[in-house]
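Q: Hi! Could you walk me through this structure, one bit at a time?
A: Happy to. Here it is.

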There are 4 protein chains.
Amino acid sequence: MRVQRRVGPAQGRLGVLMPGLGAVATTAIAGVEAVRRGLARPVGSVTQMATIRLGKRRDGRAPLIRDFVPLAHLEDLVFGGWDIYEGGAWEAAVRSRVLEPAHLDAVRPALERIRPMTAAFDQRWVRRLSGPNVKKGTRRELAEALVDDIRTFRERERCDRLVMVWCGSTETYVEPGPAHATLRAFEEALDRDDETIAPSMLYAYAAIRSRVPFVNGAPNLTADAPALVEMAREFAVPLAGKDFKTGQTLMKTILAPGLKARMLGLRGWFSTNILGNRDGEVLDDPGSFKTKEVSKLSVLDTILQPETYPELYGDISHKVSIHYYPPRGDNKEGWDNVDIVGWLGYPMQIKVNFLCRDSILAAPLVLDLALLSDLAARAEMRGPQEWLSFYFKSPVHADGVAPEHDLFIQQTKLKNTLRWLRGEEPVTHLDE
Amino acid sequence: MRVQRRVGPAQGRLGVLMPGLGAVATTAIAGVEAVRRGLARPVGSVTQMATIRLGKRRDGRAPLIRDFVPLAHLEDLVFGGWDIYEGGAWEAAVRSRVLEPAHLDAVRPALERIRPMTAAFDQRWVRRLSGPNVKKGTRRELAEALVDDIRTFRERERCDRLVMVWCGSTETYVEPGPAHATLRAFEEALDRDDETIAPSMLYAYAAIRSRVPFVNGAPNLTADAPALVEMAREFAVPLAGKDFKTGQTLMKTILAPGLKARMLGLRGWFSTNILGNRDGEVLDDPGSFKTKEVSKLSVLDTILQPETYPELYGDISHKVSIHYYPPRGDNKEGWDNVDIVGWLGYPMQIKVNFLCRDSILAAPLVLDLALLSDLAARAEMRGPQEWLSFYFKSPVHADGVAPEHDLFIQQTKLKNTLRWLRGEEPVTHLDE
Amino acid sequence: MRVQRRVGPAQGRLGVLMPGLGAVATTAIAGVEAVRRGLARPVGSVTQMATIRLGKRRDGRAPLIRDFVPLAHLEDLVFGGWDIYEGGAWEAAVRSRVLEPAHLDAVRPALERIRPMTAAFDQRWVRRLSGPNVKKGTRRELAEALVDDIRTFRERERCDRLVMVWCGSTETYVEPGPAHATLRAFEEALDRDDETIAPSMLYAYAAIRSRVPFVNGAPNLTADAPALVEMAREFAVPLAGKDFKTGQTLMKTILAPGLKARMLGLRGWFSTNILGNRDGEVLDDPGSFKTKEVSKLSVLDTILQPETYPELYGDISHKVSIHYYPPRGDNKEGWDNVDIVGWLGYPMQIKVNFLCRDSILAAPLVLDLALLSDLAARAEMRGPQEWLSFYFKSPVHADGVAPEHDLFIQQTKLKNTLRWLRGEEPVTHLDE
Amino acid sequence: MRVQRRVGPAQGRLGVLMPGLGAVATTAIAGVEAVRRGLARPVGSVTQMATIRLGKRRDGRAPLIRDFVPLAHLEDLVFGGWDIYEGGAWEAAVRSRVLEPAHLDAVRPALERIRPMTAAFDQRWVRRLSGPNVKKGTRRELAEALVDDIRTFRERERCDRLVMVWCGSTETYVEPGPAHATLRAFEEALDRDDETIAPSMLYAYAAIRSRVPFVNGAPNLTADAPALVEMAREFAVPLAGKDFKTGQTLMKTILAPGLKARMLGLRGWFSTNILGNRDGEVLDDPGSFKTKEVSKLSVLDTILQPETYPELYGDISHKVSIHYYPPRGDNKEGWDNVDIVGWLGYPMQIKVNFLCRDSILAAPLVLDLALLSDLAARAEMRGPQEWLSFYFKSPVHADGVAPEHDLFIQQTKLKNTLRWLRGEEPVTHLDE
């Protein structure tokens, strides 16, 4: 018989700290505030909207997830963050033009009180951006300053628990190097102000040191560095990441499992994106684009298993491009062309045109991951949280196995993990 | 501990009888012949190409399905069928222009030897078609003639086992009526030549009487009538159906679970199709279209559970249209427009343009279902086979539960049923 | 040497009377009011925005059209109309949700003062609509009441001149019959209350009787009836029509001339539309759809000249469908699939997806046609105005010649007519 | 009264020399051969298929262009060319997989007898290609060798007249420099083997020296260099170019005039292409792509006249990208997203997906331009031929005026030039 895992209660205030108070972060904050006031619904949030089936099909047991596992309540969330611009959440929300004036106006005071802490930033890592609200100092000094920021925020806002969700920009591409190999090497690199340490790593380091779960919404290496994984295990802190799975890649991890389920072959997948927001501007830089490209290209292989199915998936032209195109603003648009192969090798095509909204798709992920990484901390699940793969383009994964990209396997893993936490049987769709 | 179910061996020749020797049937036959000769691969066939994972992720056990369960070999298949045209499989294959001349030429002798048996047909049920190769007589006489045809074929072709796969046209819409209520009522209706008995029902009746598994590739009521379900249980015959899930609806049952997994709302789904083959011509008739439309419209509801998620899925405009458009021939094209809703209710759109090939997508389903319904018969699984839902737009289902349309749940159910047959544990993606 | 035609001056107030104060009419009115106030630009209006080249390329003479020919000024326009609903222009504009609240608020008083006159309406001609603000009486009585309405409006609003622009719904399909054959027959039919006289004909009759130019924005037969053409010539009144050329058909008359210019063949053109406004609801009725379909299907033939180019255009599958799809509101969307043929007969495809806004595209046409039909009246151009074909799906045309649908020939004709009016040479793009 | 221009007769054999015997050239040759044999039709060829209207609409005079002006007959064409590969036209045609085996087989002997002359080539100008069939020597030596090749071909094939049509690859981008400024400078640069002289310029130089009309199908600078324009005028040789207008850009010059005709504004035009042929491979090199990009980006400005219409067209994001994507082969696919603006500034979108075939669209242009540049030579029209703009992405144009990109103005100019040649009135669509 299955037993329930002990999970600490979700009492008191939960602080959500976000490096990068831009379109995604402010859309998430404004949305939570609107939901609290009963003005809108948290559509896209699995923790708030979804049910979970328990037992057999005919049992009729399907509570809301938020009634099934002990999550922090929206009323208990407190938001804060860092940004290189000084304006604060209200200005950022207005400037990003994601939400309509009527929605923003309704939560204006809540946004106005969120002022950014001074950011740890280095333009060599994000070439297209620069801003005035930036800390000065060596990497060691910056890291310690971030630890201080966290402590100050916790005290000032009377938080019982904290989580950190990276909502900042995509940094330039970097492979793991000697400075990222072990915690000791990392600490030494901090001391000598080693330039292979990216700003995002400083945030992750400060979070882990502060025993705050860290979630990485961008494709940056950050906490995937072995040093920080080691540190997270040692400090018993959950890590989740990386790169929020939103528009085109979300579609890819929905479609590819479908094609594979039917054993339809694949010859090519061409993906292009147009977007006109700050993210688009940042990705117009080749270094940042490389980081994003690697993340976006990785998803097909583990879904399709080309080594198991060389005839079907052994030779695929997979291309991804992103174009900064100002007329669109935050209304990202993806166009995918999928060249598939059927019976006897006959070619067919699927074209997907996704007129999405970048921050609208990402905001509920910020909320879910804040709540679930806090749950993980209370359940004493430490280090990389593979069961949260559902939310990421480049999910963390156990050593020696491939990351899981299939959205439906990810969903099963997420829900069965929640069932396991509460001592319920997994669902097998078998003899029910 | 799980035990293995006893399954009869797959020895000897398996006859595959198809009412309707048109584009789908001849593409299936030509393909199997080409695969036998090593000229092509059976892409799209799960029984031939797919593996099945056993045990834990790290165990590395993933045999081909055809090595895991005892299926008939392609070498042992024998094809036959009925058609209202006299020409035979070769002529039908050439006329339907699905396969290229080079592919057809390579298997010409095999196709030429397949001559259609005289069909049971009634133009009131398929208004756009008429042909010379048609049986005369009352419904009772036609049913008995089909039973004779089956016996003659079995003897002439020295078959050990038979299956029947309906590959004929879509009949005009009919609701289940008194004549379809019980086996006794059905038999009496046959005797009085009741006109509410559709030709397809005569084939199903003859198959069951002959203890031949019956698979329904069209949306016709046919074996879904309670009378024939009762008969199949009594005669211990597996039934599978209905309506091959190929192009647009396949995509729908891939995408909709993905949207729901992420709790993205839906306001509308507009689907249109253009196709220029005989199927398109038949569906140009409002009666036949109604039958197809009902089948195509049903899939969203049970996937999305509007009663559980009224905010997200309670008010959806779901439209389906099909247009006969001769320039396309068998190259069916679907265009879908999906109006989705995200965070705080903001609208987004997904557009899918599927340039598919109708018969290329359907042919591997004919093969898989012939093999799996034969497996079911040898495993003594009788009546409607819910675990084969994976292949159908309107899957049969147990009384009192909704049909399952989510392709990924269907796939899990299919594979876990195969695991169960062989005494293996189901896969839960949990703690592996 | 060319001479200038005498054109009466554009002094005083011009009343614009619109049967149908719905989305199109109120978007036009609100827009003119916003432009007057300097709040927006009349994008899409050729009379307001376009220049016209005069003389040779190097001459550099290209005045704005509104500076070149004497048009009424926007300041001198006065709007009025009829509707079956009582609410008035403000309510209709709000309900149709075309313009954003900020735009509407800025012109609210101007819209609020426009109250609909009681409409001449008959639900047998527009089955999906019904409303309370409807005149009672025989057709003769209704016609006379409309004449009275026009006189009253002219006096009350102190208009120097009037034009009438039909902005109402699509009526059910009707072929010209005996009652429409001559003016005498039409008068007699009015007297005997003949039911083949559509409501829209009563408006056209009343306009012509009042010497008011009549413009038909819908595909209804209306003033195309020989009786009313005869009457317009006799009363020296310009007629323009019919069916505003806006979204999909506009694209068709842009693309088809391009394909023909390059002698690319055509095998099929499949067009589908989704829209969710009142127009979509009306066209959901088969009778109204037939009227619209005939109008939309006619454009390809005269552009492509199948009798001259039978190899290229002699056998085209041209299909048009329209679907009422509420999620879209006024944001009409068209999807076209064009099957073209190139060198040696090789097939290619063009797909066009037009996410347009119905009333946004139609509104500037209302303005242009009001101004240009008033110009025609002052230039004493009587009867059907072929040079305004540019604006219509089913343009009126001289007897014995085909209507011109090619947008670029239509544009040349429009501009060369304006040049002719002012005694300028036509442009030939030859030796300049 | 208009008079007819004297045009030399089209007697005897016309040699068509093509640098680059790849997909485009061999598709053109195979097509002409198939048409000669009555096996196919020259669809897409204006000279072969189109009529030209003479006089008034009601006159009914509309002969075929080839019956109206004296063009060389297809029977009199003789093909030849240069290539860096040795295989010849048959091998190139098979390898490029544009035409189906059945079409190629029918004209195999005609293709097999066409062997490439040794090419003047320099890999620094086309980085992705290299081949064995290449001349050695200084630029001066190469130029003289090409002049010899032309003379030899003329004699061997007993040609009365010759034309040269560049069908080779896109060279790397180059701005006109000192060596291209005057004919004298060019001759001196040849003598000193100046590396700013591209291989394509050597062909143009040799053609002009040989008094052979030169047509440039690629975006290379080539004969647009002032030196070669001067030389063409001096030697009385027609020049036409540059860059065949085929798929996406053809569509752009069809759509943009339509939008402008209606005074619809434009905020952005995003164009992406996928193709998998040799052209795609060449354009994968940034240098070659730059040349193509400049050509493709130029078309919108002169159509839309942003300086005349700053509100509508003054701030456009125009992006073009090309991606080498092998699954497509020669089946190029374009996807365009056009962000337009209507009444009061409301945004709308047009998306065009063009599934075209590169060489199928280009082949008839090769034929038309061979015939029309030969006509120009016989009509003693020297230097750049602006009236052939219809066929090019970057048309040559008179000094001091902008190039004309509007396909419909280009067509009018082409046809009115032909009318002028024969003493017919231009068509004005005015009072006819």
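**Chains, strands and helices**

A: Let's begin with a strand pairing: strand β10 (residues 347–355) of chain C is joined to β10(D) by seven bridges, and the two run antiparallel. Two strands count as paired if DSSP finds at least two bridges between them. Strands here are DSSP runs (E, at least two residues) and helices are too (H or I, at least four), numbered from the N terminus.

Q: Before we go on, what kind of model is this?
A: This is a predicted model, in which local features need pLDDT of at least 70, side-chain atom pairs count only at pLDDT 80 or more, and totals for chains, interfaces and linings use all residues. Residues are numbered from 1 along each chain as its sequence is written, while chains are lettered from A and ligands numbered from 1 in the order in which they are written.

Q: Thanks! Back to that pairing: which residue is the bridge partner of C:Ile350?
A: The partner of C:Ile350 is D:Phe354, in β10(D).

Q: And what joins β10(A) to chain B?
A: Seven bridges link β10(A) to strand β10 (residues 347–355) of chain B, and these strands run antiparallel. There, A:Phe354 stands opposite B:Ile350.

Q: How many residues of chain A are in contact with chain B?
A: 64 residues of chain A contact 64 residues of chain B. Being in contact takes C-beta atoms, placed from the backbone, within 7 Å.

Q: Which element gives the most on chain A's side?
A: α17(A) does, with nine residues. By class, the side of chain A that touches chain B has 36 nonpolar, 19 polar and nine charged residues. For those classes, Ala, Val, Leu, Ile, Met, Phe, Trp, Tyr, Cys and Pro are nonpolar, Asp, Glu, Lys and Arg are charged, and the others, Gly among them, are polar.

Q: How do you superpose chain A on chain B?
A: Rotate by 180 degrees with 0.0 Å of shift along the axis, and chain A falls on chain B with an RMSD of 0.0 Å. That is the relation of a two-fold axis. In chain A, the C-alpha nearest the axis belongs to A:Val352, 2.3 Å from it.

Q: Why do the copies D and C meet through the same surface?
A: Because 100% of the interface residues of chain D are also interface residues in chain C.

Q: New topic: how do α1(D) and α4 of chain D pack?
A: They pack at an angle of about 110 degrees, with their axes 9 Å apart. Axes are lines fitted to C-alpha atoms, for helices over the stretch in contact, and angles run from 0 to 180 degrees between N-to-C directions. α1(D) and α4(D) are therefore roughly perpendicular to each other, a label for angles of 65 to 115 degrees (under 35 is roughly parallel, over 145 roughly antiparallel, the rest oblique).

Q: Which residues meet there?
A: D:Ala23, D:Thr26, D:Ile29 and D:Ala30 of α1(D) meet D:Ala89, D:Ala92, D:Ala93 and D:Ser96 of α4(D). That contact has six nonpolar, two polar and no charged residues.

Technical notes. Least-squares fit on C-alpha atoms with pLDDT ≥ 70 in both. Contact = placed C-beta atoms within 7 Å.
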